[in-house]
Amino acid sequence: MSVAQNQGNRTGFLSPGNPLYKQWHISDALLPISLVMWAVGVARTDTKVLGPYGLLSVLPPVFYAAIALLIVSVAIELTRQQLSHWRMSVHAAALVVMLYATAPIVYSQGRYSWLYKTVGVVQYMGAHGSVNQQIDIYQSWPGFFALAAWFDKVAGVSSPLAYAKWAQLVVELAVLPLLYLIYEALSLPTRQRWAALLLYSAANWVAQDYFSPQALATILSLGIMAMVMRWMYAGNSWGRYVSGRHRAEDKFRAYADKQPDERVSHLTLTFIALILVYSALTYTHEISPYIVVTQLGVLSVVSLFRPRWLPFALGAVAIIYFIPRFPYVNSHWGVLSAIGTFFSNVAPPSVAESSTSIPSSQLLVQHCADGLSVLIWVLSFVGAWLRRRSRRTVAALVILAYSPLIVLFAGAYGDEGILRVYLFSLPWSVALAAAVLTPTPGLPIKSRQGREGGASRLFRRLRVEALRAPVVLAVVLVLFLVAFFGDDQWNTMSDSEVTAVTSFEQTAPGGPVFAAVGNAPLSDTARYNLFPVASVFGSGSILDTKKPQSDIATVLADQAARYTSGDQPAYVIVTSSMIAYGQDYGTPASYFSILLNSLARSKYWKLVTTNHGAAIYELPPKTFPEGFNKNGPTPYFVVP
Amino acid sequence: MLDAAAIVLSVLLLALVFVGWSGPLRVLLTAAFAFFVPGRAIVGNWSRMGQWSEAAVSMVLSLAILVLLTTVMLWIHAWHPLGLFQAVAGLSLVGLIIGMARRRRRTHGPEQ
């Protein structure tokens with residue numbers, strides 16, 4: 001019996017029998033109102049001075065009200081007897097716009113200091129038309145950078161800085177249809193597909209969707225998964241358990257046979273497409289191909305995926321590509337030493353940073369990020385339990401959600417391994433978690449004659465459980481907003497800061513750079529490899545966490561002269577985002593004042609440029625401070 | 001509709017590149033091209049894939065093809081981004097037109 005058949009005796013304006021009810025949804029009013037409120041909120045946001053909670057403290061109440069209204073609209077729409085696909089798509093897109101278009105609108109420059117490095121690599125490849133694998137690891141995985149450099153030429157822009165800040169919005173919108181295809185192929189109930197899509201956008205706090213190889217790798221990985229789930233997944237349809245092996249073999253026969261109008265079978269074409277997309281993924285990102293192949297490999301081990309040889313074929317592509325690059329990666333990133341150290345590899349970056357004193361606001365931001373990750377995984381466990389009767393579907397989702405953890409046995413990926421695991425676990429974790437937000441339809445096998453129909457019970461549960469979706473979504477979004485925008489006081493770069501650093505790197509003679517701390521828009525030009533960087537303050541830097549003395553400028557000049565032997569200039573850069581970062585990570589503002597005062601008084605360092613956002617000093621070539629000792633400590637400069 | 005949109009988009013972008021016009025429109029058209037057109041030319045000729053996903057798989061294939069081609073150009077020191085664009089756009093137009101013609105023939109049947 002269908003749900004619709006059980007609703008015929010309802011009357012009134014909001015009854016399903018009323019034609020107006022069918023045509024008009026409350027969300028038709030709520031969604032546009034929430035979008036207008038969001039636009040008003042964004043327009044009223046003044047980001048000149050950000051508080052300890054970043055953007056959150058300057059966003060006006062109407063912004064938050066807009067998101068709350070969208071949640072209400074989503075909740076109402078999710079409880080409708082029959083979901084409207086286009087309305088749900090507009091809600092999903094609206095949520096992405098509200099969350100991911102806010103930053104590029106309110107900030108004139110892209111967030112995250114590491115964004116500027118990717119801009120520099122794109123610029124390098126566009127200018128040189130080649131790669132140099134001795135510069136850094138990015139040059140060994142050039143797929144994204146090559147595409148972006150090509151894009152710049154065709155689009156007629158001189159630098160990705162012109163559009164890079166919009167990447168998060170584009171990527172998050174791009175993954176929505178891929179996720180929908182995946183959930184459809186897994187035969188998730190429609191309501192849960194949409195709930196999962198909304199949860200994905202609301203829980204992706206790790207911000208790996210910025211203008212970066214990881215963002216492109218996410219799209220390619222989900223594309224691979226969509227094709228695999230549609231054409232090679234050997235699970236059951238939702239609520240209809242059938243033998244996976246027989247189903248897979250039936251599917252395979254159907255796809256492997258050529259149709260009368262086909263020259264090549266559909267399955268052969270799909271294999272070619274998969275190899276093509278996976279090769280692009282391999283050339284684009286270091287770790288993503290291994291996570292994908294791990295997920296597929298575990299699926300094939302438990303017979304949820306055919307053919308079993310495909311993960312091996314894909315893995316061979318990645319390994320053959322990696323072998324010639326292994327010596328460089330191992331010497332710089334210690335691949336071999338990280339193998340097997342699972343528990344240290346699993347530690348998030350916040351653990352490494354917690355050695356310094358951190359203000360309570362920053363701790364809260366970190367706790368919200370950690371809490372959101374834990375919440376999604378806990379919800380996914382609960383969802384898996386609720387869905388346990390669906391057998392192969394839940395088994396596939398659990399495997400896909402948790403198999404990325406396996407890669408942590410092989411390395412920490414620069415303390416970011418756990419973030420990548422979360423990123424690759426998220427599409428599957430939210431698919432499981434969606435069962436908590438929305439009721440799971442009972443399997444037909446459990447329906448009993450002579451009792452209330454399954455569809456009727458489902459509809460009553462929908463009403464009773466209508467609060468689940470808005471409550472869970474609201475909690476997830478609160479945590480997300482804090483985790484995603486809470487660090488913006490140092491994640492954002494001012495126009496003056498970007499202008500000063502960019503024009504300096506475009507024109508200055510190459511030489512080592514002392515960055516007060518590493519958080520700055522460094523390395524965003526085609527000459528980025530000419531300016532290796534060493535940090536002055538912070539854990540593992542030249543001074544480590546020690547307070548600088550008033551002669552710090554002379555100390556730096558001494559070290560720079562030893563490094564360059566007087567053949568090159570050396571530079572010191574202090575920017576506003578460095579100072580903001582330092583305040584959150586144990587470097588007081590007074591340290592920066594001591595450094596700037598020492599440089600200003602120094603007879604060795606010459607001021608190159610200064611504005612509200614940055615101060616840059618140069619130690620000219622052949623400058624050796626008094627008492628110069630060529631055997632003293634030499635800093636370790638690296639191309640960041 | 002999608003094929004027609006891809007054709008219009010490609011022709012417009014080719015024209016803008018040819019005359020050297022720069023601006024936000026060209027950036028948007030380039031993004032739309034990179035995210036859709038080459039893959040659509042393939043999916044438009046791949047009936048089973050096209051019936052399942054008209055846009056999303058087109059996007060993935062487009063990005064993958066462009067990543068592969070641009071990366072190979074870098075590796076072999078033959079960096080000609082505009083030449084590659086013209087070649088990909090031209091081949092895509094051919095693929096799109098063939099795909100449209102094939103679907104039209106399948107829909108209307110062979111002419112008597």
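Reader: Which residues does Ser598(A) touch, not counting residues up to four places away in sequence?

Author: This is a predicted model, so read each value as computed. Ser598(A) sits in helix H28, residues 589–601 of chain A. Leaving out residues up to four places away, the residues that Ser598(A) touches are Ser550(A), Asp551(A), Ile552(A) and Ala553(A).

Reader: Why does Ser598(A) count as buried?

Author: The cut-off for buried is under 20% relative accessible area. Ser598(A) counts as buried because its relative accessibility is 4%.

Reader: Is Gln134(A) buried or exposed?

Author: Gln134(A) is found in the loop between helix H6 (113–128) and helix H7 (143–155) of chain A. The cut-off for exposed is over 50%. Gln134(A) has a relative accessible area of 62%, so the residue is exposed.

Reader: How many Å apart in space are Gln134(A) and Leu405(A), C-alpha to C-alpha?

Author: In sequence, Gln134(A) and Leu405(A) are 271 residues apart. In space, their C-alpha atoms are apart by 31 Å.

Reader: What does Ser201(A) touch, not counting residues up to four places away in sequence?

Author: Ser201(A) has its place in helix H9, residues 190–203 of chain A. With a relative accessible area of 1%, Ser201(A) is buried. Beyond four places in sequence, its contacts are Leu95(A), Val96(A), Leu99(A), Tyr100(A), Glu172(A), Leu176(A) and Phe480(A).

Reader: How many residues of H23(A) are buried?

Author: Helix H23 of chain A runs over residues 468–485. From first C-alpha to last, H23 reaches 25 Å, close to the 26 Å expected. The helix is mostly covered, and of its 18 residues the buried ones number 13.

Reader: Which residues have the most contacts inside the largest nonpolar core?

Author: The largest nonpolar core has 203 residues. Its largest share, 15 residues, comes from H21(A). Inside this core, the most contacts belong to Trp150(A) and Phe211(A).

Reader: Which residues is Trp150(A) in contact with, leaving aside its neighbours within four places in sequence?

Author: Trp150(A) is one of the residues with the most contacts inside the largest core. Here the partners lie in chain B. They are Phe33(B), Ala34(B), Leu66(B), Thr70(B), Trp79(B), Pro81(B), Leu84(B) and Phe85(B).

Reader: Which residues lie nearest the centre of the largest cavity?

Author: A search of the whole structure finds five cavities of 30 Å³ or more. The largest holds about 110 Å³ of space. Helix H5 (102–106) and helix H8 (167–185) of chain A each supply at least two residues of its lining. Of the 14 lining residues, those nearest the centre are Gly110(A), Arg111(A), Ala164(A), Lys165(A) and Gln168(A).

Reader: How many charged residues are in the lining of the largest cavity?

Author: Sort the lining by class. Nine residues are nonpolar and three are polar. The charged residues number two.

Methods. Residues are numbered from 1 along each chain as its sequence is written. Chains are lettered from A and ligands numbered from 1 in the order in which they are written. This is a predicted model: local features need pLDDT of at least 70, side-chain atom pairs count only at pLDDT 80 or more; totals for chains, interfaces and linings use all residues. Side-chain values use heavy atoms; hydrogens and water are left out. Helices (H or I, at least four residues) and strands (E, at least two) are DSSP runs, numbered from the N terminus. The expected span of a helix is 1.5 Å times one less than its number of residues. Buried means under 20% relative accessible area, exposed over 50%, partly exposed in between (1.4 Å probe, protein chains only). On a 1 Å grid over the protein atoms alone, a cavity is a set of points where a 1.4 Å probe fits but cannot get out, and a pocket is an open set with protein on both sides within 12 Å along at least five of seven lines; lining residues have an atom within 4 Å of a point. Grid points are joined across faces, edges and corners, and a volume is the space filled by probe spheres set on the points. Ala, Val, Leu, Ile, Met, Phe, Trp, Tyr, Cys and Pro count as nonpolar, Asp, Glu, Lys and Arg as charged, and the others, Gly among them, as polar. Contact means heavy atoms within 4.5 Å. A nonpolar core is a set of buried Ala, Val, Leu, Ile, Met, Phe, Trp, Tyr and Cys residues joined through side-chain atoms within 4.5 Å.
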